[in-house]
Structure formats: C-alpha cells, structure tokens
Amino acid sequence: MQKLTELSSWKALEAHFEQIKDVHMRDLFEQDASQSESRFKKFSTQMDDILLDFSKNRINDETFRLLCDLAKEADVEQWRDQMYSGEPINISEFRPVLHTALRNRSNSPVYVDGENVMPKINRVLAQIRYFTERVRGGHLRGYSGHLITDVVNIGIGGSDLGPHVVCDSMKPYAQRGMNVHFVSNVDPTHLTEILKSVKPESTLFIISSKTFTTQETMLNAHSARQWFVELTGNEKAVARHFVAVTVNKKSATEFGILEENMFEFWDWVGGRYSLWSAIGLPIALYLGMDHFEELLDGAHAMDMHFKSAPIEKNMPVILALLGIWYNNFFDAQSHAVMAYNQYLRRLPAYLQQLDMESNGKTINREGERVDYLTGPIIWGETGSNCQHAFFQLFHQGTKPVPVDFLIPAQSKNPLGEQHCVLLSNYFAQTRALMRGKTEAEARAELEEAGYAADMIEEVLPHKIFEGNKPTNSILFKNLDPRTLGALLAMYEHKVFVQGVIWNINSFDQWGVEYGKQLASEIQQELAAREQTSSYDDSTNELINYCMSLKFSD
C-alpha cells in the first residue's frame, strides 16, 4: 500500500485542514441553514432505529467528501470484503478474522481453508441452547439437587469484558432468580469477594480460556475448585459445577470437566471479538438463548449495513473517519464515550480493550514504523454522573476531546420525570459543547443577574465558553439485545476501518504477550524468595524492597 501520508486524499485533507481548523460550528450551522438540505439531513444516517447525528462536528461538505475519498483510496471496502470472505487478514498470526461468521444469521457459507465453518458454529450454538435451557429450566441441577442460581464466569480480557458488558446492559432481560458474576483479576481479592456471595451447591463456574493455560484464569479456576471441594467434600461433584469454554479438552478433562460440558471456539475468533462465540455462554445462561440470538441478530444487521451501505451513509465508516479527522489532524489524544444509561456503565471498559488493544500499534502491515498517530486513548462514564466529574474539561479545558453520546429514547425504569431530565441533559450537553457562550452572551447574562459593572468585568472571562467541541449523538428507541448487538458491532467495525486506514494490523496484541513473558520470568524470582540482580536497577530494587515487606515478620 502507498504510504498513508502520501495518498492524494490525505494531502488534500492536510490542505483543507488549514482552511477549516479555525471555523466555528456555530457559523457552519448558520451557513447550512440557508441551504436546501439542512445540516442534520446531510450529516446523519440511520440503521434500523439507531440514529447517528454527526452534524455537530468540525466539518463541512468538502471535509466529508475528502474523508470519504480517504476511505476509498485506503481500500477500506476491499479489506472489508477480505475479512468477510475469510482471508487471513491477521497478517502477523496468519489467521482469518471471522467474528462476523459467529453471528451470520443468514447462514450463508463462510469458508476457511476451503471449509464452510457455519456447520461448526451452528453445532456449538445448538450445544449452548441445549445446555442453558437445561440449567435455566431446572433439569440440570447441582450435586445436591439444588437449582443453579449463580453463574461465576472466570476469564480475563475478551473472555470477561464482552460477556460482562452484555450481562450488565441486559439486566432487565435476565431470568428471575439467576445471578451472574465475573472474576478476571488475578488479585485474590476479586475471587474471594465473589465467593462470599455464592453457595457451592447452587453455583455453576464457567472457565473461559481457549488454551486452558491463561495464567490469571487458571489460577482463579483452581482456587475456585479448591474452595468448592473443601466446602462440599465431594471431588466428583466438580463435574456438575464446572464447565469450560476451551479447545484444550485434555487439560479440561484433567480438571474434572465432562467433555459434553466443553464448548469450542476457534483460532479465527480474536479474544476481544469473542462474546459472539461460546465465550457468550454466561450471556445465554443469564438472559436465555433466545435473547442471546437476538444479540447476534442485531450484530448481523450491523454487519450487513457495514457490508452494503455506501461509505457516505455507512455508520461505522463515518465514525472511523471522524475519529481519524480529530486524531490525525486536530491532534486529539483521546476519545470519550458517554452512555446516558446506567445499564451501559461497562461500555467504556469494553471499548477500551476493543480499540486500544486493536489499534495501539506503531508498526504498519509492511513492518515499518508509522510516522503518524494511531489509536487514541478511550475513556468514558455514564451520564449524568460524568457532567459532575470531568465535563468541565470538555467545556473550558485546553485539550480537544471528541465525544460520543449514546441514549435510548425509552427507559426500562420510568420513575417520575427522571428519564426526561436525563434526556434534557443529553441534548443540552451536545448543544453547549457545539455552541459555547460568547462574550456578549455572557455579559448579557451577568447584567440580567444584576451584577455591578466592575464585578461583570472581573467575572466575565470565566463565563465565556469557546464551544466548537465535536460530538456524535447516537440515539435509539430502546436498549434491548438486538440494539446492543448492533451497537457493539458498530464499534467493532469502526475500529477495523481505522486500522485499515492507518495500515496496521488490528487483530494481534504482541505488547500484551510481552508483558506476560516478563511477568513469568519475575514470578520465578519471587518464588525463590531471594534478592535479585537480574534486571535493571529500578526493577531489581522494587522487587527486593517488596520481598523485604512481603516476607518480613
């Protein structure tokens, strides 16, 4: 591929940026008001009932055209088609990337090395349905005959964050009397605190590890097993209370898990894209298989939108291009996601892994170091809490932070006027960030409030807001499984498009692997309980000081 910064569309965007960088969105809205097509009509798109309004961005018709040209010149559509067709686009691990096949509700053939993988996917889905319906229906019980009331998922990374965000977001759809818990941290406190709230006779543990060797997961799994055996005194009962999502049948069998309770997934399923696979087992247990399939339906609908919608109306592509506009031209170092829905409180954590593990790269697909910014820092919180925490920086800070605002038009929990107040804050924040407040407006407010002339001059600078802060508004009718599936798939494809344009591989994570490698080496030093001099001076002294504290009387 031609170097990104040498593409004609990139050079055109650089020149255009110099022309528009100081233009205020207030003026853009006023200019577009006189045109035949409103700014909102030009800069919004829809998929099912999900509306994306991107009119409150620092763009005009020319900006948008040039950004779309960039997507075309970077071969986004070609790379997209290669992904859907099962080509090995994960170039450093020589693998296809086929999370879209996991939710291929059309059941059209998808080939990997000449084999249609849909029969395998359908077999595992049928296995999940059979198992979860037996548990939820009370036919598969604990060793002492108790109903299963608690599911503890033991995993980390994608084996935790994906199922966790879905289960948290879909609480209104959970089976009454069924609870789900997630253990990920190797810090023993995480597992210990969760085990305090469950009983062995009514708890089902899911061990989610493709290789059944993930250090954090297996340490937690063996500790949970030990807890279970000590309390029940029944080694054989492990088989009724532990299941595995893995391809390592031998190790799972040695652990005490029945082969019929092992759920398979494949090496073309990346960890952070795996909730659609058997990693979604806790989702199906908690919500029911029908709702899990509705989640898949929504993701598939977004897949079809991404595959067929023109770039100018393609929701994931538009979000990706706007992110590149701010990341690479306005030098925005981060991107914030504000979900005005308490059920979506885990969404920022999920998107952090999805985006930052995918596109936190410095090497392009040709093995060369890039000379431009790649993935931004992703962060966020739920509204309206966030307004009372860090929105001050958005409104009057010196750092540019593009923001996605998400909200359902309907609430699952209508209490008085509370959802109406939430909606009003949602709409007000994007308007305030776009418009700001001019000196004349601030002065008029102070005069109306009765401030003396000298006080007005003193306070006035602090009451001025520059505005011109970019936001995307994502609005949908209801937060249900289908809509959530579509939203998560939308962000997956956004990240993919940005990786294509930045010419990086979004599907490996060698930095994560390196950290694990070093941790394994240091673990042996700690086990020896001796002073070390194996590393740099800082690491040596930190280890030695820690050991002096840990093993002191």
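Author: This is a predicted model, in which local features need pLDDT of at least 70 and side-chain atom pairs count only at pLDDT 80 or more, while totals for chains, interfaces and linings use all residues. Residues are numbered from 1 along each chain as its sequence is written, and side-chain values use heavy atoms, with hydrogens and water left out.

The whole chain comes first. Its secondary structure comprises 23 helices and 13 strands, these being DSSP runs numbered from the N terminus (helices H or I, at least four residues; strands E, at least two). The radius of gyration is 26 Å, close to the 24 Å that the globule rule gives for 553 residues, so the chain is as compact as a globular protein of that length. That radius is taken over C-alpha atoms, and the rule is 2.2 Å times the number of residues to the power 0.38. Along the principal axes, the C-alpha atoms fill a box of roughly 80 × 60 × 60 Å.

Of the 553 residues, 54% are buried; buried means under 20% relative accessible area, exposed over 50%, and partly exposed in between (1.4 Å probe, protein chains only). Contact means heavy atoms within 4.5 Å. Among contacts between residues at least 6 apart in sequence, 74% join residues at least 24 apart.

The interior can now be examined. A nonpolar core is a set of buried Ala, Val, Leu, Ile, Met, Phe, Trp, Tyr and Cys residues joined through side-chain atoms within 4.5 Å. The largest such core has 122 residues, and Val 166 and Trp 325 touch the most other members. Helix α21 supplies the largest share of this core, 13 residues. A second, separate core of 24 residues includes Leu 195, Trp 227, Ala 237 and Val 238.

Beyond its neighbours up to four places away in sequence, Trp 325 touches several residues, among them Leu 13, Phe 17, Arg 58, Leu 67 and Phe 330.

Helix α21 spans residues 481-502 and contains Leu 487. With a relative accessible area of 3%, Leu 487 is buried. Leaving aside neighbours within four places in sequence, Leu 487 is in contact with Ile 50, Leu 406, Ile 474 and Phe 476.

Another helix, α18 (residues 418-435), holds Gln 429. This glutamine, Gln 429, counts as buried at 12% relative accessibility. Apart from residues up to four places away in sequence, Gln 429 touches Tyr 340, Gln 387, Phe 391, His 395 and Phe 405.
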